[in-house]
Amino acid sequence: MNDLYKDILIGTVFITGLLGFISGEFIISSTLFATAAIASNVNLNRKRGKAGQLSCE
């Protein structure tokens, strides 16, 4: 999957979560916010080349 498509997908999930929060769907919106945050973090770690590396520094 291209990075542009990943960014669009993460943005779409975030906006959907924001709209869910505004409309009062708190459980669904918090799940979507968590999904967007985790996906964004995983995507950033892959871009930096640190995927799957654990360190105790």
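Reader: Where is S29 found?

Author: This is a predicted model, to start with. S29 is found in helix 2, which covers residues 26-48.

Reader: Is S29 buried or exposed?

Author: Buried. Its relative accessible area is 1%, and the cut-off for buried is under 20%.

Reader: Which residues is S29 in contact with, leaving aside neighbours within four places in sequence?

Author: G17, G20 and F21. Of these, G17 and G20 are themselves buried residues of helix 1.

Reader: Which other residues of helix 1 are buried?

Author: K6, I10 and V13 are also on that list. Seen down the axis of helix 1, the buried residues fall within an arc of 85°, so they line one face.

Reader: And what is exposed on the other side of helix 1?

Author: L4, Y5, L19, I22 and S23.

Reader: What about the length of helix 1: what should it span?

Author: Helix 1 runs over residues 3-23, so 21 residues at 1.5 Å a residue should span 30 Å. The C-alpha atoms at its ends are 30 Å apart, which agrees.

Reader: What comes just after helix 1?

Author: G24, with a positive phi of about 100°.

Reader: Back to I10. Which residues does I10 touch, not counting those up to four places away?

Author: A36, A39, S40 and N43. I10 sits in helix 1 and counts as buried at 17% relative accessibility.

Reader: What separates the C-alpha atoms of I10 and A37?

Author: 8.3 Å, for two residues that are 27 apart along the chain.

Reader: Switching to rings. How many aromatic pairs are in the whole structure?

Author: Two. In one of them, F14 and F33 form a tilted pair, 5.3 Å centre to centre with 55° between the planes.

Reader: Which parts of the chain does that pair link?

Author: Distant ones. F14 is in helix 1 and F33 is in helix 2, 19 residues apart.

Reader: What is the relative accessibility of F14, and of F33?

Author: F14 is at 40%, which counts as partly exposed. F33 is partly exposed too, with a relative accessible area of 26%.

Reader: And what about F21 and F26?

Author: Their ring centres are 5.4 Å apart and their planes are at 70°. Planes over 60 degrees apart count as edge-to-face, so F21 and F26 make an edge-to-face pair.

Reader: Which feature does UniProt place at residues 12-39?

Author: A "transmembrane region", taken from an unreviewed entry. Over those residues the chain is 93% helix and 0% strand. The end C-alpha atoms of the stretch are 12 Å apart.

Reader: Zoom out. How many helices and strands are in the protein chain?

Author: Two helices, zero strands.

Reader: And how many of its residues count as buried?

Author: 14% of the 57 residues. Five residues of helix 1 are on the buried list, K6, I10, V13, G17 and G20, and S29 is buried in helix 2.

Methods: Residues numbered from 1 in each chain as written. Predicted model: local features only at pLDDT ≥ 70, side-chain atom pairs only at ≥ 80, totals over all residues. Heavy atoms only, no water. Helix = DSSP H or I, 4+ residues; strand = E, 2+ residues; numbered from the N terminus. Buried < 20%, exposed > 50% of the residue type's maximum accessible area, 1.4 Å probe, protein only. Expected span 1.5 Å × (residues − 1). Arc of directions from axis to C-beta. Contact = heavy atoms within 4.5 Å. Phe/Tyr/Trp six-rings, centres within 6.5 Å; stacked < 30°, edge-to-face > 60°. UniProt positions renumbered as here; feature names shortened; annotations may be inferred.
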